[in-house]
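The following explanation is intended to be read alongside the sequence and the coordinates. Please keep both in view while following the text.

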Amino acid sequence: MTASITPTNSPTPKRSFGLFRLLAAAVIAAIANLVVFFLAGATGTTITTFGKPMSAYEPIVASLVPIVIAGLIVWLVLPYWRWVGRIAPVVGGIVAALTAIAPLTIVGGASGLWLAPMHIIAGAAWYLGTRPQRLK
């Protein structure tokens, strides 16, 4: 007698969030940060980072890349370390909130005032993209 695995009892890993929601949150964060970038430009502020003016692609890349890469790593380890799914949204949000202080202290001036909300937006997108959802 041989045992067969059917779709009803197959060992599929359960994850507390979906990749689609994570990607949607990252894209929304990129768009929101681009809006902040253009609002800064509309007020006459040129956002500078490390002494160079920031271009429009930088808020997009700075929003998408960290959220997608870190989210993919968390998503991949979730079946093995379930506790990561409970703490990742909060830890990521705290890190984003703490990094919002950096533009205010390091960059300073009007650039820092426009960069800090971008960090908060990315942190909110991380939290909403990785927070646990109800598993069926």
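The account below moves from the overall fold to individual helix residues, then to a surface patch and a pocket.

The model is predicted, so that local features need pLDDT of at least 70 and side-chain atom pairs count only at pLDDT 80 or more, while totals for chains, interfaces and linings use all residues. Residues are numbered from 1 along each chain as its sequence is written, and side-chain values use heavy atoms, with hydrogens and water left out.

The chain contains five helices and two strands, where helices (H or I, at least four residues) and strands (E, at least two) are DSSP runs numbered from the N terminus. Along the sequence these elements follow the order α-β-β-α-α-α-α. Of the 136 residues in the chain, 32% are buried; buried denotes under 20% relative accessible area, exposed over 50%, and partly exposed the range in between, with a 1.4 Å probe and protein chains only.

Helix α1 spans residues 19-42 and includes Ala 24. Ala 24 is classed as partly exposed because its relative accessibility is 28%. Val 27 also belongs to helix α1, and its relative accessibility of 42% makes Val 27 partly exposed as well.

Helix α3 contains Val 84, which is buried because its relative accessible area is 12%. Val 84 and Ser 16 are 68 residues apart in sequence, yet their C-alpha atoms are 9.7 Å apart in space. In helix α5 lies Gly 123, which counts as buried because its relative accessibility is 6%. The C-alpha atoms of Gly 123 and Gly 93 are separated by 4.6 Å, although these residues are 30 apart along the chain.

On the surface, Tyr 80, Trp 81, Trp 83, Ile 87, Val 91 and Val 95 form a nonpolar patch with about 680 Å² of accessible area together. Patch members have over 30% relative accessible area and no salt bridge, with nonpolar side chains (Val, Leu, Ile, Met, Phe, Trp, Tyr) joined within 5 Å and like charges within 9 Å. A salt bridge here is a side-chain nitrogen of Lys or Arg within 4 Å of a carboxyl oxygen of Asp or Glu. Accessible areas come from the Shrake-Rupley method with a 1.4 Å probe, and for residues only the protein chains shown count as cover.

The largest pocket has a volume of about 640 Å³. A pocket is an open set of points on a 1 Å grid over the protein atoms alone, where a 1.4 Å probe fits and protein lies on both sides within 12 Å along at least five of seven lines; lining residues have an atom within 4 Å of a point. Grid points are joined across faces, edges and corners, and the volume is the space filled by probe spheres set on them. The lining comprises 25 residues, with Ala 62, Pro 66, Thr 99, His 119 and Ala 122 nearest the centre. At least two lining residues come from each of α2 (57-77), α3 (83-99), α4 (101-107) and α5 (109-130), and α2 supplies the largest share, seven residues. By class, the lining has 17 nonpolar, seven polar and one charged residues.

Key:
Ala, Val, Leu, Ile, Met, Phe, Trp, Tyr, Cys and Pro count as nonpolar, Asp, Glu, Lys and Arg as charged, and the others, Gly among them, as polar.
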